[in-house]
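Subject: Structure handover

Hello,

The structure is below, followed by notes on what was found in it. Please read the notes with the coordinates open.

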Amino acid sequence: MVRRPSSPDEWQAVCKMAELEVERGVTALVHGQALAIFRGQADAVYALGNHDPFAKASRIARGIVGVRAGVPFVASPAHKHAFDLRTGRCLDDPHVSIPAYDVKVVEGVVYVGQRKVVAA
């Protein structure tokens, strides 16, 4: 992953960590984009674009969260394609991905930054 430089004003507060259920997704409007926010088992928090490219609908946040070969993923609820929560890459079709965003937790508050840029 190559990340764009960020400044403090690029981070948007989304919710309190305590409001996120483990292995469940929620939707949030961040920087004008509909995102799916997930909390993993070890309190890792991920943010992906909420649009499912296979179903052509905004429903990634409703997907099933799990781990495949050590990779945390969310399976789209419509067609069950698995997306890496860290990168947005589809584990079932390497030609497809959804946007992934930087996330940080500061004093119990979840902040989402800019979209991650994948190195070629």
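R68 has V71 of strand 8 as its bridge partner. Strands here are DSSP runs of E with at least two residues, numbered from the N terminus. This is a predicted model, in which local features need pLDDT of at least 70 and side-chain atom pairs count only at pLDDT 80 or more, while totals for chains, interfaces and linings use all residues. Residues are numbered from 1 along each chain as its sequence is written, and side-chain values use heavy atoms, with hydrogens and water left out.

Strand 7 and strand 8 (residues 71-75) run antiparallel and are joined by 5 bridges; two strands count as paired if DSSP finds at least two bridges between them. They belong to an open sheet of 3 strands in the order 7-8-9, with antiparallel pairing. Strand 7 (64-68) and strand 9 (82-84) each have a single partner strand and stand at the edges, so one side of each has no neighbour in the sheet. From one strand to the next the twist averages 35°, with axes taken as lines fitted to C-alpha atoms and angles running from 0 to 180 degrees between N-to-C directions.

Strand 4 (residues 45-49) is largely enclosed by the rest of the structure, because 5 of its 5 residues are buried. Buried means under 20% relative accessible area, exposed over 50%, and partly exposed in between (1.4 Å probe, protein chains only). V45, A47 and G49 point one way from the strand, Y46 and L48 point the other way, and all are buried.

On one pairing, strand 3 (residues 33-39) runs antiparallel to strand 4, with 5 bridges joining them. A36 is the residue opposite L48 of strand 4. The two strands form a hairpin with 5 residues between them, and D43 in the turn has a positive phi of about 60°.

Strand 4 also pairs with strand 10, in the antiparallel sense and over 2 bridges. There, L48 has A100 of strand 10 as its bridge partner.

**K104**

K104 lies in strand 10 (residues 100-106). Its relative accessible area is 33%, so K104 is classed as partly exposed. Leaving aside neighbours within four places in sequence, K104 is in contact (heavy atoms within 4.5 Å) with W11, V109, V110 and Y111. I37 is 67 residues from K104 in sequence, and their C-alpha atoms are 12 Å apart in space.

Regards

Note on methods:
Helices (H or I, at least four residues) and strands (E, at least two) are DSSP runs, numbered from the N terminus.
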